Amino acid sequence: MKAYDTLNHEVLLEKLSSYGIRGITNLWFKSYLTNRRQYINHSDSCNNKISRYRSSCTEIKQGVPQGSVLGPLLFLLYTNDLPLNIHDANLIMYADDIVLITDSDVCAPQRKIDGVTAELELWFNRNDLIINVGKTGIMSFHNRQDKSSIKPQVSFNKSTLEYTAEFKFLGIPITETLK
């Protein structure tokens, strides 16, 4: 499921109200989001035969319409308060990608990570969002000579996140040794 498809309409309308979008303007957004229906239309050609399939119409109960400038804007307004709810970490947010950076706490790194993870879980649960565990990784930066680097154990909503030595951020490969 894509991030834009998971937004809770009631939470979004409450957030819009907290940003000052109230009254008739908030009602316009409510009208824009509710009573929308969609179906899947699929065509396939095989051996000069064209097969067509159309699903039944289903009401959309969450998410924002895509293909307009409002979809990304509404998503950003939905997630805008996330950094205000996470302490002891810095967040880098781009569209629906989030990178969380904590500094090394030599005395109790795991405790710090557990605290930040608990804040993330609380925010995600309160905002009715999920993290795609398959696309989420944990990395600990260190120099090449340091063979004893900390590989934190992180679980999110009872799912263990995998440690990775390399990942791509906005198309740029980054390794744990910053090569």
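Colleague: Is Tyr32 buried or exposed?
Modeller: This is a predicted model, where local features need pLDDT of at least 70 and side-chain atom pairs pLDDT 80 or more, while totals for chains, interfaces and linings use all residues. Numbering runs from 1 along each chain as its sequence is written, and side-chain values use heavy atoms, without hydrogens and water. Buried means under 20% relative accessible area, exposed over 50%, and partly exposed in between (1.4 Å probe, protein chains only). Tyr32 has 17% relative accessibility, so the label is buried.

Colleague: How many aromatic pairs does a search of the whole structure find?
Modeller: Rings of Phe, Tyr and Trp (its six-membered ring) pair if their centres lie within 6.5 Å. With that rule, the search of the whole structure returns a count of five.

Colleague: What separates Trp28 and Tyr32 along helix α2?
Modeller: Helices (H or I, at least four residues) and strands (E, at least two) are DSSP runs, numbered from the N terminus. Trp28 is partly exposed at 46% relative accessible area. Trp28 and Tyr32 are four residues apart in helix α2 (residues 23-33), so the separation is about one helical turn.

Colleague: At what angle do the ring planes of Trp123 and Phe124 lie?
Modeller: Both Trp123 and Phe124 are buried. Their ring centres are 5.2 Å apart. The pair is edge-to-face because the planes lie at 75°.

Colleague: The charged end of which residue sits over the ring of Tyr32?
Modeller: The test asks for NZ of Lys or CZ of Arg within 6 Å of the ring centre and within 35 degrees of the ring normal. Ring pairs also link Tyr32 with Trp28 and Phe29 into a cluster. At 5.1 Å from the centre of the Tyr32 ring sits the charged end of Arg36.

Colleague: Which residue forms a salt bridge with Lys15?
Modeller: A salt bridge needs a side-chain nitrogen of Lys or Arg within 4 Å of a carboxyl oxygen of Asp or Glu. The structure holds one. With the closest N and O atoms 2.7 Å apart, the partner of Lys15 is Asp81.

Colleague: How many residues apart are Lys15 and Asp81?
Modeller: The pair links distant parts of the chain. Lys15 is in helix α1 (residues 9-18), and Asp81 is in the loop between α3 (70-79) and β5 (90-94). The two are 66 residues apart.

Colleague: What is the relative accessible area of Lys15?
Modeller: The charged end of Lys15 also sits over the ring of Tyr78, 5.2 Å from its centre. Asp81 is partly exposed at 21%. Lys15 is buried, with a relative accessible area of 8%.

Colleague: Where does Asp88 lie?
Modeller: Most residues other than glycine have a negative phi. Phi of Asp88 is positive, near 65°. Asp88 is exposed, with a relative accessible area of 57%. Its place is the loop between α3 and β5.

Colleague: What value is phi of Asp128 near?
Modeller: Asp128 is in the loop between α4 (109-126) and β7 (137-138). Asp128 is partly exposed, at 43% relative accessible area. Its phi is positive too, near 55°.

Methods
Phe/Tyr/Trp six-rings, centres within 6.5 Å; stacked < 30°, edge-to-face > 60°.
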